[in-house]
Amino acid sequence: MANVLALATAAAPAGAAAVAHGYADPGMYPLGDAGSFGTPSGTLASMVSAIAAAPDGKGYWLAAADGGVFAFGDAGYFGSLGALRLEAPIVAIARTPDGKGYWLAALDGGVFAFGDAGYFGSMGAQVLSQPIVAIAATPDGKGYWLAAADGGVFAFGDAGYFGSMGGLPLASAVTAMAATPDGGGYWLVGGDGGVFAFGDAGYLGSMAGKPSSAIVAMAATPDGEGYWLAGNDGGVFTFGDAPFEGSTASVTPVSPVTAMAATGDGRGYWLLQPDDWDYAFSDPPPSATSVSSRAVTVAAGQVEGDPDIGQGAFCNPYGPCEPWCALFATWVWQRAGVAVPSYPFTGSIFGWAAAHGELLPATAVAAPGDAVLYGTGPQNGATSVHTGIVVQVWPDGAVITVEGDAGPAPNGQLAVVVNGPFLPADSAQYNGVPVYAVAQPVR
């Protein structure tokens, strides 16, 4: 589930008041003959990260990064990992052909089988060049493929290996995959919209070189003669015999899209917009009074629609009408009890942490409440370009962040969004910009 952020740095002291959740969408946006069968209620423990559609299109499953599974419509519930401590977050889900089971795939290549889904192996104990981003099942349910961000493909069970982009130069990291109906091939798509076809998968076009938001999802038509691509701004692009049934790109405010699934007859699809739900992330430190827990609560409570609309460029609740990602991060720390100034520049957060907190490299395991610093160094606005607050962490170091002055690119909408899960060390592939340090406040 890759993302390309619209990045900006903040430039003035904060004077913000608390804001309410602003997205009006239900989290699952049905288009065409895709039906609305329900969504999770209440406050969720972790970000919803993936979707799979029931075979008849009359239901769907949602998977959360912590391994929780939510079933709606005629999609059956066959178990989850929600009560277990995972080494890495769940990033993808695939169902069996009869819809009586499903697989969950983790960022580290782990695979977990439920219902009539068989376990045929995983990459969980292997060293990966890049994290896993997608899973696709064979037509008989006796195998599956995993795809990694570098274009590597791993085949298990009766899934055939038809080639990959592993080891080849990519303009953008791979974000999704889809298999052909007969299991004789598959497609990979990159964040830039480039499509790579293998086996009997036909190349039917791509968005490479065309203006669009980051491509984050892909689905194939039932006959394998077409496919859809979805951008994180809700744009939908059709190729081959895939019909256009609408998009959310014109909806204001735009809730970032992270995944899609198609109906069984190919006449509709759902777009997953996980920022539409409220979260109380499950992995801050156990003390409810700690700086970390308070920072997570404050940051998660600010996820909202576009604060710029109707107010002028960069207007926001955290300071004057100018870039504000650093203002947001320091505002969160202040509300959590950290004696930090309202910094206008992300590089100043680096300097403050060096003097008053702690600095960790991008390869270190962050803690909830930390700030990830994007760019190549703290020197200036061209090298220190963005920041976000860590709200959930896994043992492998993967994080979910809440980030101000970010949103679906390139339409200029800037908001407080949930981002991830991703490994900070792999941020260049996932976010389009590296993480150069993790700033840790005094606890």
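**The core and its surroundings**

Modeller: Happy to! In this predicted model, the largest nonpolar core has 86 residues, and those with the most contacts inside this core are Ile51, Phe281 and Trp333. Helix H2 gives the most to the core, with seven residues. A second, separate core has 16 residues, including Met165, Val174, Met177 and Leu188. As a general point, nonpolar side chains in soluble globular proteins tend to be buried together.

Let's stay with H2 for a moment. This helix spans residues 325–335, and nine of its eleven residues are buried, so H2 is largely enclosed by the rest of the structure. The buried ones are Cys325, Ala326, Leu327, Phe328, Ala329, Thr330, Trp331, Val332 and Trp333. You met Trp333 above, as one of the residues with the most contacts inside the largest core. After H2 comes glycine 337, with a positive phi near 100°.

Next, Ile51. Apart from neighbours within four places in sequence, isoleucine 51 is in contact with Met28, Tyr60, Trp61, Leu62, Ile93, Ala259, Met260, Ala261, Trp270 and Leu272. Two of those names, Tyr60 and Trp270, turn up again in a cluster linked by ring pairs, together with Phe37 and Phe72. Across the whole structure, a search finds 22 aromatic pairs.

Serine 49 sits in strand E3, which covers residues 48–53. Serine 49 is buried, with a relative accessible area of 1%. Its side chain reaches the backbone oxygen of isoleucine 90 at 2.9 Å.

Glutamine 392, in strand E23 (residues 384–393), is buried with a relative accessible area of 2%. What does its side chain meet there? Leaving aside neighbours within four places in sequence, glutamine 392 is in contact with Ala45, Ser46, Met47, Phe281, Ser282, Asp283, Ala398, Val399 and Ile400. Phe281 in that list is again one of the residues with the most contacts inside the largest core.

The largest pocket holds about 1100 Å³. Of the 42 residues that line this pocket, the closest to its centre are Arg95, Ala136, Ala178, Ala179 and Ala220. Which strands supply at least two residues each to the lining? They are E3, E6 (90–95), E9 (132–137), E12 (174–179), E15 (215–220) and E18 (259–262).

One last stop is a loop. Tyrosine 77 lies between strand E5 (69–73) and E6. Its side chain makes a polar contact of 3.3 Å with the side chain of serine 80. Not counting residues up to four places away in sequence, tyrosine 77 touches Val69, Ala71 and Tyr102. Tyrosine 77 and tyrosine 102 are 25 residues apart along the chain, and their C-alpha atoms are separated by 9.4 Å.

Terms used
Residues are numbered from 1 along each chain as its sequence is written. This is a predicted model: local features need pLDDT of at least 70, side-chain atom pairs count only at pLDDT 80 or more; totals for chains, interfaces and linings use all residues. Side-chain values use heavy atoms; hydrogens and water are left out. Helices (H or I, at least four residues) and strands (E, at least two) are DSSP runs, numbered from the N terminus. Buried means under 20% relative accessible area, exposed over 50%, partly exposed in between (1.4 Å probe, protein chains only). Contact means heavy atoms within 4.5 Å. Rings of Phe, Tyr and Trp (its six-membered ring) pair if their centres lie within 6.5 Å; planes under 30 degrees apart count as stacked, over 60 as edge-to-face and the rest as tilted. A polar contact is a pair of N or O atoms within 3.5 Å; within protein, one must be able to donate a hydrogen and the other to accept it, and residues adjacent in sequence count only if both atoms are side-chain atoms. A nonpolar core is a set of buried Ala, Val, Leu, Ile, Met, Phe, Trp, Tyr and Cys residues joined through side-chain atoms within 4.5 Å. On a 1 Å grid over the protein atoms alone, a cavity is a set of points where a 1.4 Å probe fits but cannot get out, and a pocket is an open set with protein on both sides within 12 Å along at least five of seven lines; lining residues have an atom within 4 Å of a point. Grid points are joined across faces, edges and corners, and a volume is the space filled by probe spheres set on the points.
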